Amino acid sequence: MTDDRIILGIESSCDDTAAAVVRGRPGAANVLSSVVMGQAELHAAFGGVVPEIAARAHVEKLDIAVERALTEAEVGLNALDAIAVTAGPGLIGGVLSGVMLAKGLAAATGLPLIGVNHLAGHALTPRLTAGLEFPYLLLLVSGGHCQFLVVHGPTEFSRIGGTIDDAPGEAFDKAARLLGLPQPGGPSVEATARAGDPGRFTLPRPLLDRPGCDMSFSGLKTALLRARDSVVAAQGGLHAADQADLAAAFQAAVTDILTEKSRRALDHYAALGPARPAFAVAGGVAANGPIRAALQALCAQGGTEFVAPPLALCTDNGAMIAYAGLERAALGLADDMTLAARPRWPLDEASPAMLGSGRKGAKA
Ligand code: KG4
Ligand code: ZN
């Protein structure tokens, strides 16, 4: 097709150095390559992402990721139609590294430069993986973000609720730390919880008693700390079975909060009268099996289509940035050398800023 485009996407806003090539048009695109170089081992000793270490690692790895992505896609720079890059929100050193590389490539090749909002990358992924049509309801749940968005179009999002403190991924990471499990916490808590009894400990479900779609996760972490300390005080340590039961109780509480608030968000979205109601999840926490299953069951009850991208496209990657760039290119949108790296960049600029401070700095 003549309106197909080939876009390179570059992502470096947190602790993954990623590049990918996507080809196609809005709602009908394929991932030709997707290279993600994680940094978990660099940050392991610190119990969280250290921004300076992350930025240095991005500088070292970005061009390797881009070269690999082009090689795996079997396309040269001359075959590209544009270069898309995450321009925020995120850890500023990392975002800057990506934006500078993209500017260099654009200057050298003469290709259009497209700055992409990282959150738009996650939010548009269901169109890349499932060709989902606008509008749809999206739950974006990651290490730095948690919000319900109605996605009206490639650049049009309205936020109808979100976390007032921690993001769920951040809460999973803290829970892992409390239980002595490795980072990133989500996958290790999920794996440990498989052997656990979610009923042995009762953890709170904050804000479920209040109307609306806002959520809170910081009290849950404190409750987990107390439950852990009471076990340690009673028996002098934490056995594998205790770890598993605590992990299962924590995961069950997060699942309940996300499911109940999703039910309310779906009611809100249904009031807009979408022709074919659809609910999508995106972001790293959307990789969680029990959370996906609970949201799928919720949608099945109400006859709503449910879309959860494959796990590798839930967590940070370059393909979502390339695809979001493709959507912008199709609208004729492009940036120039004044493109700025932004630590904060809310998707819905009209909604009031959220409180709290996440893994990637202040909530966008
Ligand atoms: O989207 P993402 O890769 O980066 C951000 O933009 O934040 O999300 C990373 C977050 C981490 O906090 C990680 O613990 C969480 O997603 N995560 C999970 C799972 N896999 C990753 N949380 C729960 N269950 C998982 N299986
Ligand atoms: Zn992300």
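What follows is a walk through this structure, from the whole chain down to single residues.

A word on ground rules: this is a predicted model, where local features need pLDDT of at least 70, side-chain atom pairs count only at pLDDT 80 or more, and totals for chains, interfaces and linings use all residues. Residues are numbered from 1 along each chain as its sequence is written, chains are lettered from A and ligands numbered from 1 in the order in which they are written, and side-chain values use heavy atoms, with hydrogens and water left out.

Let's begin with the overall build. The protein chain has 11 helices and 12 strands; these are DSSP runs numbered from the N terminus, with helices being H or I of at least four residues and strands being E of at least two. Its C-alpha atoms fill a box of roughly 65 × 50 × 35 Å along the principal axes. The radius of gyration is 20 Å, which agrees with the value near 21 Å that a compact globule of 364 residues would have. That radius is taken over C-alpha atoms, and the globule rule is 2.2 Å times the number of residues to the power 0.38.

Of the 364 residues, 56% are buried, where buried means under 20% relative accessible area, exposed means over 50%, and partly exposed is in between (1.4 Å probe, protein chains only). As for contacts (heavy atoms within 4.5 Å), take those between residues at least 6 apart in sequence: 72% of them join residues at least 24 apart.

Now for the domains, whose bounds come from an automatic or database domain assignment. Domain 1 is made of two stretches, 5-128 and 314-362, while domain 2 covers 133-312. The contact between them takes 29 residues from domain 1 and 37 residues from domain 2. Their C-alpha centres lie 25 Å apart.

Next, a look at some helices. Helix α2 runs over residues 51-73 and holds Ala65, which counts as buried because its relative accessibility is 0%. Leaving out residues up to four places away in sequence, Ala65 touches Thr17, Ala18, Ala19, Val35 and Met37. Over in helix α8 (residues 240-270) sits Thr255, also counted as buried, at 9% relative accessibility. Setting aside its neighbours within four places in sequence, Thr255 is in contact with Pro290, Ile291 and Ala294.

Helix α6 (residues 185-193) has seven of its nine residues buried, so the rest of the structure largely encloses it. Those buried residues are Gly185, Gly186, Ser188, Val189, Glu190, Thr192 and Ala193. Their cover includes α5 (168-179), α8 and α9 (289-302).

Most residues other than glycine have a negative phi, and most peptide bonds are trans. Against that background, the bond from Gln183 to Pro184 is cis, with omega near -5°, and Pro184 belongs to the loop between α5 and α6. A cis bond also links Gly88 to Pro89, with omega near -15°; Pro89 is in the loop between β4 (82-88) and α3 (92-109).

Two non-glycine residues to look at have positive phi values. Glu74, with phi near 60°, lies in the loop between α2 and β4 and counts as exposed at 74% relative accessibility. Leu207, with phi near 70°, is in the loop between α6 and α7 (218-235), but is buried, with a relative accessible area of 12%.
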